[in-house]
Amino acid sequence: MFTLELPVTDPVLIFALAMVIFLLAPIIMNRLRIPGIIGLIFAGIFVGPNGLGILDRDPTIVLLGTVGLLYIIFIAGLEIDLDGFQKYRNRSLVFGLLSFSIPFALGIALGIMMEYSIPAAILLGSILGSHTLLAYPIASRLGVAKNKAVTTAVGGLIMTDTLALLVLAIIAGMKQGDINIIFWVQLIVSLTLFSLVVLFGVPVIAKFFFRNMSSHGSMEYIFVMSVLFVCAYLAIVAGVQPIIGAFLAGLALNRLIFEQGPLMNRIKFIGNAIFIPFFLLSVGMLMDFRVLLEEPKALIFAFSIVVLVNIGKMSAAWISGEIYRYSKDEVKLMYGLTIPQAAATLAATLVGYELGLFSLALVNGIIIMILVTCMIGPYLVEKYSRKIAEAEEEQPYERSQAPERILIPLANPKTIEGLFDLAFIIKTPTSNEPLYPISVVRENGGDEAAKVAEAEKMLGHAVMYAAGADIPIRLLTRVDYNAASGIIRAMTDTRISTVIVGWNGKLSTPQKILGGILDQILEQTNQMMLVAKLIHPLNTTKRIVLILPHLSSKKPGFKESIRIVKLMANRLGATLLCLVVKGDQNYYGKLVNEQKPDVDVTLETVDKWMHLEENYLHRFKKDELIIVISARRGTVAWHPYLEKLPRKISKSTSENFIVIFPEEVETVDLRGSRGTTLPTTFLPDREYDH
């Protein structure tokens, strides 16, 4: 009879359990709008020796966790924006020094008050002084990444992380050797020589390799890993911690590995999938809540460290704001960006524990501080990024010079004519580009040929219909396990600018917006997307009702969306009613009237989303076309009601409607979110109505 002994010792089962944890923890945290890093630490607490005891912090976990520790610090070095720091170096230097020194001093004072040793108190101070740009992708997604306060905070990272790791190197050296003049000379000389060798030698070797010896992706990745771990070991030889070597290796390769390149993608993919989660799991296994309950001193320390790190980071942001005349919202945004403690904090905490400087109670307090700050930071960044985006003047949007290429995914023969009619209407008359109907056949092992033949038959009907309008067609067929992946690859391959896709008004999956396939396409692309439910022919339309959500004018593709709507009204001979939700009617009226062609436009203001539902949805008629300019989740114009609106319109008396998702011109900058899964939104739904 099979019996399972705890803790698990079978290496296969250990790895299997770890993989299941890495899969489920971020999914659960995402549903709760909590950073994935917290889920993985909680998972370590839950299954570790101080929890259920399913897994022990054995040599396997420690080995993989150590690799993850070096990996996370290495990526920190790769991600530092050296160009941004150079551009705003004065502000970044001032803010970086303040952001490190104030929490550093508070941390030392707390350590001394709690009767820890001087080295332990200094290391604690350096931990509070560092920060992780965990919430930076949120600022990027909301379009404020170039705001002066954001660039100052990002530039300050190089100061805080460098100073924190320098303090760690000194404290670790002091712990491992006698403190005298010889010690200081040896430490300074060895650290200086080591830094010079890495920062100047590694780029020379790397350039030679990338120029002459790199043949394919796996060799490039292996070379980078060789640099990482050789530098980490040489750091030990130099008498400092290996994470110092990992950080310097990242800095040395910073300009040679492009942020959006395939090599960086491989580095982050493997790290985020395997090594960094093992590191977070191993950190969670150190946590023991019983210590907090049994030792009142530990609970007091945990509370104190959370309060002091918030005071320190807020003070640094406020002083910098006063010096450089930042607004209150910009100061709070800087505070939100610099309060999360993750990468360098976790690394230094683990090293301090292994050196015997930190007790388990101190480690527990720091982990609680990490959990709290990783909740506060993203919330503040999303809240005040939205306010700053709303206050900033609208930037002129230059439409991409890429050719106008319209992709039409087809799955139901009954929707072909309606979708093509819509494409005919919005297509620029002077464009010679063809339409791109596509059919994706799901690969399931065996009957793909028959399904491809069936898809080609459906596409043949599309060709005949388009021929009647004298519109050129380029047929696309894809075979893929996932229909959304096939469509997304086709969009990339053919440089698609606009997607027109049909929707039946129903949800076949528990997804919140339009269903599994459409949601995936929205999340993974930036192109304009028109989601249409068309029951009656478009040429029977007498009036177009355009719903303009609050802040939709801040979207990069807003003006192009208005142009398309007015073009539809012009070609259909329909009037245009604009319902402005929570916005300035005169302001939106000016923006709408600026776009060509000229049509008969009427504007009305709707104070609340519920008023739209109560006063308008039931009044829509069958000869009206309802159009919503929506927004992708996490962007500045997004509102929770926008995810409910398509279904509510679908159930109303109107039978034709289109949801337009405007183009997003820039990809989200994911720097700072290494080894974590960030939910797209953090704010409670009620916050979006403020």
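This is a predicted model: local features need pLDDT of at least 70, side-chain atom pairs count only at pLDDT 80 or more; totals for chains, interfaces and linings use all residues.

Reader: What span should the 25 residues of helix α5 cover, and how far apart are its end C-alpha atoms?

Author: Helix α5 comprises residues 89-113 and, at 1.5 Å a residue, should span 36 Å. Its end C-alpha atoms lie 36 Å apart, so the two values agree. Just after α5, E115 adopts a positive phi of about 65°.

Reader: Is S99 buried or exposed?

Author: Burial is read from relative accessible area, and under 20% counts as buried. S99, placed in helix α5, has 0% relative accessibility and therefore counts as buried.

Reader: Which residues does S99 touch, not counting those up to four places away in sequence?

Author: S99 touches G129, H131, T160, K313, A316 and T338 on that basis.

Reader: How would the reading proceed for T494, and where is it found?

Author: T494 is found in the loop between α20 (483-493) and β4 (498-502). Its relative accessible area is 4%, so T494 is buried. Leaving aside neighbours within four places in sequence, T494 is in contact with R405, Y436, R474 and L476.

Reader: Is Y587 buried, partly exposed or exposed?

Author: The limits that matter here are 20% and 50%, with partly exposed in between. Y587 has a relative accessible area of 31%, and is therefore partly exposed. This residue is found in helix α23 (residues 585-594). Y587 and A389 also show how separation in sequence and in space may be read together: they are 198 residues apart in sequence and 16 Å apart in space, C-alpha to C-alpha.

Reader: How many residues has the largest nonpolar core, and which have the most contacts inside it?

Author: The largest nonpolar core has 199 residues, and F74, I267 and I547 are those with the most contacts inside it. Not counting residues up to four places away in sequence, F74 touches V224, M225, L228, A246, A249, G250, L253 and I267. A second, separate core has 46 residues, including L419, I426, M568 and I627.

Reader: Which residues lie nearest the centre of the largest cavity?

Author: Of the 11 residues that line the largest cavity, E79, I80, L133, L157 and R671 lie nearest its centre. Its lining divides into six nonpolar, one polar and four charged residues. Both α3 (59-79) and α8 (148-176) supply at least two residues of this lining.

Reader: What lines the second largest cavity?

Author: The second largest cavity, with a volume of about 40 Å³, is lined by S126, I127, S130, A164, L165, L168, A344 and A348. Six of these lining residues are nonpolar, two are polar and none is charged. At least two residues each come from α6 (118-129), α8 and α16 (343-354). With three residues, α8 gives the most to this lining.

Key:
Residues are numbered from 1 along each chain as its sequence is written. Side-chain values use heavy atoms; hydrogens and water are left out. Helices (H or I, at least four residues) and strands (E, at least two) are DSSP runs, numbered from the N terminus. Buried means under 20% relative accessible area, exposed over 50%, partly exposed in between (1.4 Å probe, protein chains only). Contact means heavy atoms within 4.5 Å. The expected span of a helix is 1.5 Å times one less than its number of residues. On a 1 Å grid over the protein atoms alone, a cavity is a set of points where a 1.4 Å probe fits but cannot get out, and a pocket is an open set with protein on both sides within 12 Å along at least five of seven lines; lining residues have an atom within 4 Å of a point. Ala, Val, Leu, Ile, Met, Phe, Trp, Tyr, Cys and Pro count as nonpolar, Asp, Glu, Lys and Arg as charged, and the others, Gly among them, as polar. Grid points are joined across faces, edges and corners, and a volume is the space filled by probe spheres set on the points. A nonpolar core is a set of buried Ala, Val, Leu, Ile, Met, Phe, Trp, Tyr and Cys residues joined through side-chain atoms within 4.5 Å.
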